Amino acid sequence: MVFGKLREGLSRTRNRIAHALRRLGGDTSTAQSLEALEEILYTADVGPLAGELLADAEKQLRGGRLAGPKELPEYLRGRLSGLVQGPEGDPLPLRPKGPTVVLIAGVNGSGKTTSVAKLAAWLQRRGNRVLVAAGDTFRAAAVEQLRIWCGRVGVDLVAGAPGADPAAVAHDAAEAALRHAVDVLLVDTAGRLHTQSNLMAELNKIGRVLGRKIEGAPHETLLVLDATTGQNAIQQARRFTQAVPVTGLILAKLDGTAKGGAVLGIGSELKLPVKFVGLGEQLEDLEVFHPGEFVDALLAAPQPA
Amino acid sequence: MLDNLTQRLGKVLDRFRGPGRLTPEQVQEGLREVRRALLEADVHFQVAKNFTERVGQRLLGDERIQGVSGAQQVIHAFHQELTALMLGDRPALPKNTRHPMVLLLAGLQGSGKTTTTAKLGLWLRQRQSRKVLLAACDLQRPAAVEQLVTLGKQLELDVYAETPGPGVDAPGVARRALERARSGRYDILLVDSAGRLHVDQPLMEEIAAVAVQVQPDAIYLVLDAMTGQDALESAKAFAERLDLYGIILTKLDGDARGGAALSVREVTGKAVCFAGVGEKASDLEEFHAERLASRILDMGDVVSLVEKAQEAVEEEAAEQDYARLLEGKFSLEDLLKQLRALQKMGPLKKVFGMLPGAGRMSGLLEHMDEKELRRMQAVLLSMTPRERLHPDRLDGSRKRRIARGSGAQVSDVNRLLHSFFAMQKQMKQLSRMLQGGASRKRLMQQLGDPGRMNDLPGGFPGRPGRPKGR
Ligand SMILES: Nc1nc2c(ncn2[C@@H]2O[C@H](COP(=O)(O)OP(=O)(O)OP(=O)(O)O)[C@@H](O)[C@H]2O)c(=O)[nH]1
Ligand SMILES: Nc1nc2c(ncn2[C@@H]2O[C@H](COP(=O)(O)OP(=O)(O)O)[C@@H](O)[C@H]2O)c(=O)[nH]1
Ligand SMILES: [Mg+2]
Ligand SMILES: [Mg+2]
């Protein structure tokens with residue numbers, strides 16, 4: 001599968017490095033091309049990793065392993081694609097028996113609830129029976145938001161009263177999932193900053209409650225990151241993986257001009273696969289992650305008018 | 001927040017700590033590292049570049065200050081440039097507006113617009129006793145209207161809302177909300193809007209149309225503090241499309257490294273006016289560039305400290321205390337009050353973190369931990385109020401009684417008194433310097449300038465050779 005939407009955008013773009021090199025003219029010096037490279041990497045939110053990549057590229061150039069700056073685009077594309085993993089095969093494999101439980105977590109406003117809705121639609125399209133749990137009992141009208149989405153998708157929702165213990169909602173939802181023998185239970189949660197230890201403990205408790213009802217649950221814990229976030233995304237990934245066993249990432253809001261380069265740092269440090277990307281606010285705007293396409297988009301520059 | 005950037009900058013600054021002059025090579029080398037540190041803290045690429053160039057010019061050019069060591073020179077340059085980077089030329093709220101005043105909030109998806117609309121409503125009602133109406137103009141996100149209505153109920157703020165459906169568009173709702181605000185004699189109309197990408201042409205046109213309908217006195221861009229490079233580009237696009245008044249930075253309660261805070265003024269031309277520091281409606285603060293600059297350089301923040309203390313003690317009592325302090329009257333009674341306030345302010349280490357030269361000013365408080373603080377308080381409490389007001393009258397037998405009553409030694413009592421008298425002397429000096437005429441605000445301003453604080457008392461105003469702060 002490819003990022004249809006991204007691909008569409010890509011057709012109008014070309015590789016930024018190639019572009020920058022061309023702009024610099026025929027006999028670009030190593031220093032000049034490294035400078036161009038630096039800007040490309042940092043402005044794509046690649047962060048501290050950019051320093052390493054630049055040092056490596058310089059070594060390659062000076063050591064003669066790259067014939068010249070012209071080979072930089074291909075070299076970099078290879079390096080970057082190796083840093084981030086996509087799902088190997090099915091991004092959401094189901095258990096042979098009993099409901100597969102997917103817990104969705106992330107900081108405030110990253111795109112969790114919308115991703116739950118998109119995932120429900122995606123699963124339903126492939127023929128799975130889905131139940132959704134409204135685990136955000138904190139934010140105003142969070143349940144209402146999810147109820148509207150579930151109505152649009154046509155899946156059932158388990159919700160509690162506003163202010164209720166989210167773990168209790170998770171508990172009820174797990175029971176309902178068993179009772180109705182659904183294939184997948186998707187659990188939305190309230191946004192929480194990874195620095196708030198009480199809220200991280202609450203998230204951990206939601207996971208434990210699910211595990212008590214359904215063996216091995218949650219089978220997937222997906223961290224939703226906002227593609228417009230900078231280096232803080234790495235800190236989010238570190239802290240969330242400490243609190244709950246995160247199995248993968250969803251990179252939301254990649255439909256803008258943000259490159260989401262922070263996931264490269266996360267990929268290389270935490271080895272977390274990116275499973276899906278969010279490409280808009282509609283139900284169908286979810287696609288399976290593909291490292292090569294992601295890197296192409298990251299290195300792409302808009303065609304000058 | 002900012003810890004990482006502070007550490008990185010701290011390391012670079014340490015290299016400059018030597019007493020001598022800096023060579024241009026040293027400066028260049030240091031600046032390269034500073035630039036990396038800024039980039040890794042999400043400072044916008046171009047801003048990081050310009051910033052280091054400006055600091056470089058200061059350090060190598062004619063703006064060097066004579067007779068000041070390398071390290072001070074560097075810190076001074078950084079502090080001024082950091083402050084300048086963020087400093088705005090407008091108050092947080094527009095002045096001399098029409099009635100009702102109309103404020104519009106715009107921004108990317110999930111940045112915090114709706115929450116901030118409610119927070120700002122509460123802030124305006126509580127701090128300025130204004131009658132506020134909120135308008136729910138996000139018709140895109142499911143239950144966005146419901147979200148604002150719920151927040152309004154929780155905070156007892158009126159909300160103008162329509163049920164989303166065919167024929168109901170944001171500019172229309174905004175216009176009708178303004179009519180309601182006029183007929184209902186509201187002072188302020190706060191307009192929430194849908195999140196949108198700057199490249200989404202139809203939605204950018206929609207928000208422009210909302211602005212046309214309500215002619216806002218101020219449009220704020222709501223920006224997530226964890227924002228990376230591209231979101232700053234989008235902030236620029238918002239600024240080009242809408243006549244922004246200022247920025248509201250949200251989620252500063254996290255551990256974002258501050259790149260957005262440092263970059264947004266230079267990128268958009270508009271300064272940060274307010275800061276969101278939590279999910280609760282009361283978690284909104286006015287933004288202070290100078291304070292953040294001080295904190296980034298880890299030089300402490302006297303102004304914040306004083307404000308915290310102010311919250312801990314009662315406002316009026318504090319007012320009196322300061323008046324007394326300024327008159328050079330400072331008794332053990334005051335000391336006790338201050339100690340109590342200190343304790344309410346949280347972990348001492350954190351409090352001292354905010355005190356640059358203040359530790360020196362009140363030599364008493366230096367090197368003191370919680371335990372010591374409690375011991376001191378016990379000694380003070382063991383005195384009668386009269387004794388606290390006239391410590392000079394304490395004789396041997398009184399001291400023994402006080403020591404017994406607090407489980408301390410007479411030497412502890414003496415030590416406390418000794419420090420106290422030293423402190424009292426300093427306070428008197430300070431008040432003489434201010435000649436009793438300075439307002440508390442001015443005193444705090446002077447205390448708040450770490451550059452001056454470092455050479456207290458000689459560096460106080462009037463001393464020649466020191467540059468004026470911006
Ligand atoms: N452009 C774009 N917007 C998105 C995407 N995913 C979510 N959004 C929008 O981002 C905003 C926040 O999304 P939510 O799904 O409510 O985020 P959340 O993490 O559940 O937020 P809280 O529960 O408030 O912490 C909404 O306005 C969504 O429509 C995406 O992939 N692209
Ligand atoms: N921690 C924290 N969360 C915030 C802050 N401001 C808003 N939020 C949260 O961020 C999320 C998105 O906020 P919302 O107001 O719905 O954003 P909008 O989509 O721009 O209207 C919600 O979960 C809010 O509770 C803040 O200053 N700190
Ligand atoms: Mg949500
Ligand atoms: Mg909103």
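What follows is a chat about a predicted model with chains A and B and the ligands they surround.

Reader: Before anything else, how are residues, chains and ligands numbered or lettered here?
Author: Residues are numbered from 1 along each chain as its sequence is written, while chains are lettered from A and ligands numbered from 1 in the order in which they are written. This is a predicted model, in which local features need pLDDT of at least 70 and side-chain atom pairs count only at pLDDT 80 or more, whereas totals for chains, interfaces and linings use all residues.

Reader: Ok, how many residues does each chain put into the contact?
Author: Chain A gives 33 residues and chain B gives 34 residues, where two residues are in contact if their C-beta atoms, placed from the backbone, lie within 7 Å.

Reader: And which helix of chain A gives the most to that side?
Author: Helix 7 does, with 4 residues, and helix 3 (30–43), helix 7 (142–153) and helix 10 (232–243) each supply at least two; helices here are DSSP runs of H or I with at least four residues, and strands are runs of E with at least two, numbered from the N terminus.

Reader: What about the classes on that side of chain A?
Author: The side of chain A that touches chain B has 9 nonpolar, 17 polar and 7 charged residues, with Ala, Val, Leu, Ile, Met, Phe, Trp, Tyr, Cys and Pro counted as nonpolar, Asp, Glu, Lys and Arg as charged, and the others, Gly among them, as polar.

Reader: Switching to ligand 1, why is the site shared between chains?
Author: Because residues from chains A and B surround ligand 1, the site is shared. Of the 26 residues around ligand 1, A:Thr113, A:Thr114, A:Gly191, A:Gly278 and B:Gln109 come nearest, a residue being near if its C-beta atom, placed from the backbone, lies within 6 Å.

Reader: Which helix has the largest share of that shell?
Author: Helix 6 (residues 112–125) of chain A, with 3 residues, and the shell divides into 5 nonpolar, 13 polar and 8 charged residues.

Reader: And which residues come nearest to ligand 2?
Author: Of the 22 residues around ligand 2, the nearest are A:Asn108, A:Gly109, B:Gly112, B:Thr115 and B:Gly276. Helix 5 (residues 113–128) of chain B gives the most to the shell, with 3 residues, and the shell residues divide into 2 nonpolar, 14 polar and 6 charged.

Reader: Last topic, how many helices and strands does chain B have?
Author: The secondary structure of chain B comes to 22 helices and 8 strands.
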